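Me: I would like to learn how to read features from a model. Could we go through one, with the general idea before the case?

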Amino acid sequence: MRLSRYFLPVLKETPAEAQIASHRLMLRAGMIKQAQAGIYSWLPLGYRVLKKIEAIVHEEQARAGHIPMLMPTLQSAELWRESGRYDAYGPEMLRITDRQGRDMLYGPTNEELITDIFRSHVTSYRDLPMTLYHIQWKFRDEVRPRFGVMRGREFYMKDGYNFDVDRDAALHAYNRHMVSYLRTYERMGLKAIPMRADSGPIGGDDTHEFLVLAETGESEVFYDAAITDLTLGSREVDYASEEECRAIVEEWTAPYARTDETHDAALFEAIPEDRRRTSRGIEVGQIFYFGTKYSEAMGATVTNSKGEVVPVHMGSHGIGVSRLVGAIIEASHDDKGIVWPEGVTPFHCGIVNLRQGDAACDAACEEIEAALEAQGLEPLYDDREERAGAKFATMDLIGLPWRITVGPRGIAAGTVELTSRRTGESEEMSLLAAVDRVAEVYRALP
Ligand SMILES: Nc1ncnc2c1ncn2[C@@H]1O[C@H](COP(=O)(O)OP(=O)(O)OP(=O)(O)O)[C@@H](O)[C@H]1O
Ligand SMILES: [Mg+2]
């Protein structure tokens, strides 16, 4: 991509309405534009990150054996009356009437819709286990939309629903989700800690939230520092294995980690003092096991192996895809701008031409661009007629993890400069060595 032909409306001034770094940086880097309170347009750069996050979510769900689909944003009130949630949900639900006077709503979540699909087609335990999910826009008329995409009214969410013949099978689904979520966040360069949580309006008795530690988080969190040492890394997981999933969940839920809603001071005090941490966190996902709450209310049953008709056991599992864009920036930025983790960066590498119009510099930049593309990477080439300082400032603001800088002096000596956004360190090397180094970094990602 050539920056001269791209749409990157960066802002010079810091927008006054933005209270936290991620919101400020998303506006300044031309990633989003507010359409209404809590409702945003995703400009090209923001859209690229959203799609990267979405792709990781899809890949990890596929690995866990969960099946993608797509349900509509608008739902019929009828289904929500069956579950009893139409009246219970309150003013966060956006209620709409069509020209026939039928009550509709913009879905804040999809338990009813998916249960209706399930009960229409599945009748036997032989079709289970089954987990269906989609990534779709949701609407919740939040009292105080704020912090940009972190607490929007319209937001993009992955929500998945497991259907199982009994409690044990459903708990395996719960564990599978926890493991797949841990992998998902790790690939995004995030440390998201599973914390025991309250169930809220979804209802249920087993639930964990995943929290990214950040000063600006809305939840107060209490945890044992030991949990931040855990990583899955490149560990291969057999999602079909109940033992393996359970073991990972046990490992990750053994250290104390809770939000203020479920905090237990006595248990917390029992942790050695040097490991006790109090902080704030951003909720980037939540998993629930709620048993037969919806299946009983809505008549979603299967016959089990003994021929008995039983309500199906369910859980629901969400990832805040659009919130993650803000959460990643909260966790990874500096005073110059965003610092994207390689897993979600909108472009893999920036190319800065210090002497646009100089035949040798232009040719070298084009060669780098082509070589990166040949490696399957997406470079962003700043080919504008701009001062070097302005080009560097833009690259630092939009946070691409790697930058290759091309100038006349280096080209005369056969070198370019490769710079890491994270460390700020630069190294001179040949054009092809720089391309290889960048390609190597991305090849090594899990
Ligand atoms: N208003 C919102 N804007 C952006 N993302 C959201 C919003 N509400 C929820 N999410 C994301 O969707 C995920 C799954 O939804 P869930 O129903 O668990 O949300 P929630 O617990 O109501 O969120 P919160 O407590 O932050 O209001 C959350 O973990 C969060 O990452
Ligand atoms: Mg939640």
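Strands and sheets

Reply: Strand β21 (residues 402–406) and strand β22 (residues 416–420) run antiparallel and are joined by four bridges. This is a predicted model, in which local features need pLDDT of at least 70, side-chain atom pairs count only at pLDDT 80 or more, and totals for chains, interfaces and linings use all residues. Residues are numbered from 1 along each chain as its sequence is written, while chains are lettered from A and ligands numbered from 1 in the order in which they are written.

Me: What counts as a strand or a helix, and what as a pair of strands?
Reply: Helices (H or I, at least four residues) and strands (E, at least two) are DSSP runs, numbered from the N terminus. Two strands pair if DSSP finds at least two bridges between them.

Me: In which sheet do β21 and β22 lie, and what is the strand order?
Reply: They belong to an open sheet of five strands, ordered β20-β19-β21-β22-β23, and the pairing is mixed. β20 (379–382) and β23 (426–429) are the edge strands, each pairing on one side only. On average, neighbouring strands of this sheet are turned by 20 degrees against each other, direction ignored. For such angles, axes are lines fitted to C-alpha atoms, for helices over the stretch in contact, and angles run from 0 to 180 degrees between N-to-C directions.

Me: How do I read the sheet of three strands?
Reply: In a regular strand the side chains alternate between the two faces of the sheet. Here the open sheet has the order β4-β6-β5 with antiparallel pairing. β4 (74–76) and β5 (94–97) are at the edges with a single partner strand each, so one side of each has no neighbour in the sheet. Three bridges pair β4 with strand β6 (residues 103–106) in the antiparallel sense, and Leu74 is opposite Tyr106 in β6.

Me: Which strands pair with β11?
Reply: Strand β11 (residues 219–224) runs antiparallel to β13, with six bridges between them; Ser219 faces Gly281 in β13 as its opposite residue. β11 also pairs with strand β12 (residues 257–259), in the antiparallel sense over three bridges, where Phe222 stands opposite Arg258.

Me: What does β13 contribute around ligand 1?
Reply: A residue is near a molecule if its C-beta atom, placed from the backbone, lies within 6 Å of it. β13 (276–291) gives the most to the shell around ligand 1, with four residues. Of the 15 residues around the ligand, those that come nearest are Phe155, Gln286, Gly318, Gly320 and Arg323.

Me: Why does the span of helix α2 agree with its length?
Reply: The expected span is 1.5 Å times one less than the number of residues. The 20 residues of α2 (residues 44–63) should therefore span 28 Å, and the end C-alpha atoms are 29 Å apart, which agrees. Just after α2, Gly65 takes a positive phi of about 85 degrees.

Me: Is Gly299 buried or exposed?
Reply: A residue is buried if 20 or more other C-beta atoms, placed from the backbone, lie within 10 Å of its own, exposed if 12 or fewer, and partly exposed in between. Gly299 has 12 C-beta neighbours inside 10 Å, so it counts as exposed. Gly299 sits in the loop between α9 (293–298) and β14 (301–303).
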